[in-house]
Amino acid sequence: MLYLWIKALHIVSMVCWFAGLFYLPRLFVYHAQSTDSVSQERFAIMERKLYRGIMNPAMIATYVFGIWLLVLNPGFLSQGWMHAKLTLVLLLTGYHHICGAQRKRFALGENRRSHVYYRWFNEVPVLVLLAVVILVVVKPF
C-alpha cells in the first residue's frame with residue numbers, strides 16, 4: 001500500500017513539474033513580445049514565482065518520490081526502459097535549469113531571443129513527456 005501512495009505522489013509532483021515546464025516557456029514567448037516596462041516587470045515576477053514556488057519544489061518532490069519508488073522496487077534498475085526514462089529525466093532537469101538561466105536573463109533585461117525561438121523551445125518538454133509515458137506504460141525494452 002505504501003508503494004501505491006508513493007507512486008501517486010510521484011505522479012502528482014511530476015504533473016506539477018511539467019505544468020511549470022509547459023507554462024514558463026510560454027511566459028517567455030509573451031515576455032519576448034512585450035515592449036513596455038510594466039509588462040516586462042510583470043512577466044519577470046510571474047516567471048520568478050513560477051520557477052521558485054512551483055517548478056523547483058515539484059522537481060525536488062518528483063526526484064524524492066521517484067528515488068523512493070526505486071528503493072522500494074530496485075528491480076526496475078535492471079530494466080532498459082528505466083535506464084532510458086532516467087536519461088530523459090536528467091535531460092529534463094537540464095532543460096529546467098536552462099529555463100532558470102533564461103528567467104534570470106529576462107529579469108536582467110538581457111534576453112536576445114525572439115518569441116519564435118521560445119515557441120519552439122516550448123516543445124521540448126512535450127516530446128520528453130511523450131517518450132517517458134510510452135517508456136513507463138509500454139516498457140518497450
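In one of them, the rings of Phe 18 and Phe 22 have centres 5.8 Å apart and planes at 50°, so the pair is tilted (planes under 30 degrees apart count as stacked, over 60 as edge-to-face and the rest as tilted). This is a predicted model: local features need pLDDT of at least 70, side-chain atom pairs count only at pLDDT 80 or more, and totals for chains, interfaces and linings use all residues. Residues are numbered from 1 along each chain as its sequence is written, and side-chain values use heavy atoms, with hydrogens and water left out.

- Phe 18 and Phe 22 both lie in helix H1, four residues apart, about one turn of the helix. Helices are DSSP runs (H or I, at least four residues), numbered from the N terminus.
- Phe 18 is buried, at 4% relative accessibility, while Phe 22 is partly exposed at 29%. Buried means under 20% relative accessible area, exposed over 50%, partly exposed in between (1.4 Å probe, protein chains only).
- Tyr 30 and Phe 43 also form a tilted pair, 6.4 Å centre to centre with 35° between the planes.
- That pair links distant parts of the chain: Tyr 30 is in helix H1 and Phe 43 in helix H2, 13 residues apart.
- Tyr 30 is partly exposed at 37%; Phe 43 is buried at 16%.

**Ring cluster and charges over rings**
- Ring pairs join Phe 28, Tyr 95, Phe 106, Tyr 117, Tyr 118 and Phe 121 into a cluster.
- The charged end of Arg 113 sits over the ring of Tyr 117, 4.3 Å from its centre. The rule asks for NZ of Lys or CZ of Arg within 6 Å of the ring centre and within 35 degrees of the ring normal.
- Lys 139 places its charged end over the ring of Trp 81, 4.8 Å from the ring centre.

**Helix H3**
- H3 (residues 80-107) has 28 residues.
- From first C-alpha to last, H3 reaches 41 Å, close to the 40 Å expected (1.5 Å times one less than its number of residues).
- Gly 109 follows H3, with a positive phi near 75°.

**Largest pocket**
- Among the 26 residues lining the largest pocket, His 10, Leu 69, Met 82, Lys 85 and Val 136 lie nearest its centre. On a 1 Å grid over the protein atoms alone, a pocket is an open set of points where a 1.4 Å probe fits, with protein on both sides within 12 Å along at least five of seven lines; lining residues have an atom within 4 Å of a point.

Conventions. Helix = DSSP H or I, 4+ residues; strand = E, 2+ residues; numbered from the N terminus. Phe/Tyr/Trp six-rings, centres within 6.5 Å; stacked < 30°, edge-to-face > 60°.
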